[in-house]
Amino acid sequence: MFLFQLTCTDHKSKIPEKGVSYQLNERRKKTIDSIRYNIQLDIPGKKNESIKGIETISFNLNALDSALVLDFNSDSTHIISVQSEGEEIEFEVANQHIVIGPGGLKKGHNTLTIGFIAGNLSLNRSDEYLYTLFVTDRASTCFPLFDQPNLKATYSLTLSIPDGWEAVSNGSLKSKTSRSGKCVFQFAETKPISSYLFAFAAGKFFKTEKTVKGRPMTMYYRETDAAKVNRNKDEIFNLHAKSLSWLENYTSIPYPFEKFDFVLIPSFQYGGMEHPGSIFYNESALFLDENASVNEKMARASVIAHESAHMWFGDLVTMDWFNDVWLKEVFANFMAAKIVHPSFPEINHELRFLLAHYPSAYEVDRTAGTNPILQDLGNLKNAGTLYGAIIYMKAPIVMRQLERKIGGKLMRESLGEYLKNYAYSNARWDDLIGIIDKKTPLDIADWSNVWVKTPGMPEYTLSNEPKTKYSQKQDSVSNRTWQQTVGYKDVKLGQKRLYFPNPDGIAYGYFQMDSASTSYFFRNYNKAGDSVLSKPVFRGAMLVNVWEGFLRGDGPDAEEFLKDVLLTLPKEKDPLLTDYLLGRLQSLWWSFLSDEKRNKYQSEVEKVTWNLLNETTDKGIKKSYFRAFKRVALSDDAYQKMESLWNKTLVVKDLTLSEEDKISLAYDLAIRGKGDVKAILQTQLDSTKNPDRKARMQFVIPSLSQDEAERDAFFESLKKPENREKEAWVLDGLSNLHHPLRSGSAIKYLRPSLDLLQEIQLTGDIFFPTRWTNTTFSGHSSAEATHIAAKFLHEHPGYPYFLRNKVLQAIDMPQRAARLKR
Ligand SMILES: [Zn+2]
């Protein structure tokens, strides 16, 4: 018998790196199949007592040439024993893995039994309940397994829990018995699912059952306000039933898992998580208040439709590797829009889609640090680095274009085939493209290579060619042709013809407009009775065109643009477009105008925003004007108004200021430094009732100090990881330090902030590195600031690709501002 013994040098090479590398993923996929987990966990009533577990993993091994690697990302002493077919075997625990030599295994069917203590990291334990959240590779923080999405397995779970607790998991409840004062819940074996989708929750939950159109569903929840529950519960069940039937009809595949329940959890990390048979939701997203707005109702219907769509897109067919995680998210949103939009005819969905996706996608895609939709991922532990505006904002645009290109019918057929071919298994984006490519004469593979696999956005200019009118500029990167049609509207003006590219806002890219068309657009903004100019989508699309042109030095200059925006605002009554215009106003104001020019326009900017704040009747738009006013205000008169609003000596009709608004008003007053800053902040702190907000204020206040030494000390404190734990608080502080009015004194924080970035990636949440760099550079518009970043990157040639991109993205706007400032 071969004994598992390794020399020291061998040893290192045989232990895989931390996390799940792509190589480990590939090797295991080739050699392991037919995996079944049987997991028993003994959950104590107290959250600090450890959870003991026994697990049996059976699987088929078709090669014995290397050690078997299981993932267990917890304390190595938590592995108590490992047995193969009932015999103790040797194993090693290192680099978040359990490594078992081939001597303890055999070719063919194997059964391992492992005694362990479950790691708590992803168990979200509180006093009365706990729940798992295992996405992306977090199941291995709890128990040993092959933690990669393409090794689908069945799970049989048994939970021993305190009496009086409820428990729910992916499988239905098979039996519930009593054993030594505890309650034992045994769940049925699941269908094959990916490890990140395995889930359970246990604790003091209420539950209510309902059968809608023959489909029984159970809702677990914590909310104690019975009236609130009763007001919402029928609608929640109905929305689920409606989504599921719609999806069954669209895919021609019956709901693919054995039962359907959902669990509403207070302060759940996301809106929802699509565990098959047991969706977890953030409770507040589903239990709405009595006077919930249309937007809140649509958001609820959307999250329910989104998670329901995942049962097919993501759960039945799962990405092979997490680099395709974008795909399941895009499909879920895509289906949710189809399911939900018809029920909300009062909302302009086209305009919403345009303003929610295109500007944010361009903000990244026009920079030197952009990335393709489909990215490389070397190790699952870095999956967080894939997320960003390109996945969330550009991918939905691209998917919508694909459907328009091939037609809704072919799209549906292709998705149906994709789901059938890869049911209970895994597929890549290219597998879907292969299916579509066979059904159409169009070159979809080529389309995908450009749109999905390469970064950046195309640029179009007006050409003399009568048929296309807008033609793609020569690509600076390669000879890519971006397959898409670019429409236009034209208007005859005397002898001249004016052109307005991309009037429906569907095409993606930069569409150049000439100055005559731009000025006609602004002069006739929202002209009543004009079938083109009065369309909200047209206005949105043109505003985006002009902004993109401006940033490329290819449109009005900053001063002209500001004047155009000021003339346009009173003509705009749509809340989404008003917000977009106010956003542009603030960028122009702080980043693209010199101090001199700000002086020149100060009173006019304040007058326009103040008057509109007072005149507008729409409460939402009023709030937008209030926020814009306090941000652009600089004169003594405006300061007085802000202060009087804050201390309630001045009241604007129908403008209700929440505690959050008051706090941010106090911050804006403090940064102006015209009054007694300390007294203002102290008064605000004393009158703030909510304890979370109070604590947040206490943390943030030093960043607002007029004393530069105190601000320096605040920045110094951020170098300690324990002072960065509340990331939202840190970002508040950073945006104060780097406020444009203080950017001169904040230049010295830039280099140390970049020096910290790698550490921040290790210690922070997945979105934190991006937010940290963006906020750091947000208030800067000088060449000096961007040189610091350029020098930093130059001095670190081997800097991680992903972080380098984040830096390049963050300095794009300051670079353009430094170039275009007037
Ligand atoms: Zn999702």
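Me: Start with His-310 and Glu-329. Are they buried or exposed?
Reply: Both are buried. Keep in mind that this is a predicted model.

Me: What does the zinc ion have to do with them? Which residues coordinate the zinc ion?
Reply: His-306 and His-310 each use NE2, and Glu-329 uses OE. The distances are 2.1 to 2.2 Å.

Me: How are those donors spaced in sequence?
Reply: The pattern is H-x3-H-x18-E.

Me: And which helices hold His-310 and Glu-329?
Reply: His-310 sits in helix α5, residues 294-310, and Glu-329 in helix α6, residues 325-340. So the pair ties together parts that are 19 residues apart in sequence.

Me: New topic: strands. What does β4 pair with?
Reply: Strand β4 covers residues 79-84 and joins strand β8, residues 108-117, through five bridges. The two run antiparallel. β4 also pairs with strand β5, residues 87-88, over two bridges, again in the antiparallel sense.

Me: Which residues stand opposite each other there?
Reply: Val-82 faces Ile-114 in β8. Ser-84 is opposite Glu-87 in β5.

Me: How many residues lie between the strands in the hairpin of β4 and β5?
Reply: Two. Glu-85 in that hairpin takes a positive phi near 45 degrees.

Me: Last one, helix α12. Which of its residues are buried?
Reply: α12 spans residues 515-523, and its buried residues are Ser-517, Thr-518, Tyr-520, Phe-521 and Phe-522.

Terms used
Residues numbered from 1 in each chain as written. Predicted model: local features only at pLDDT ≥ 70, side-chain atom pairs only at ≥ 80, totals over all residues. Heavy atoms only, no water. Pairing = 2+ DSSP bridges. Helix = DSSP H or I, 4+ residues; strand = E, 2+ residues; numbered from the N terminus. Buried < 20%, exposed > 50% of the residue type's maximum accessible area, 1.4 Å probe, protein only. Donors = N, O, S within 2.8 Å, 3.2 Å for Na, K, Ca; no water.
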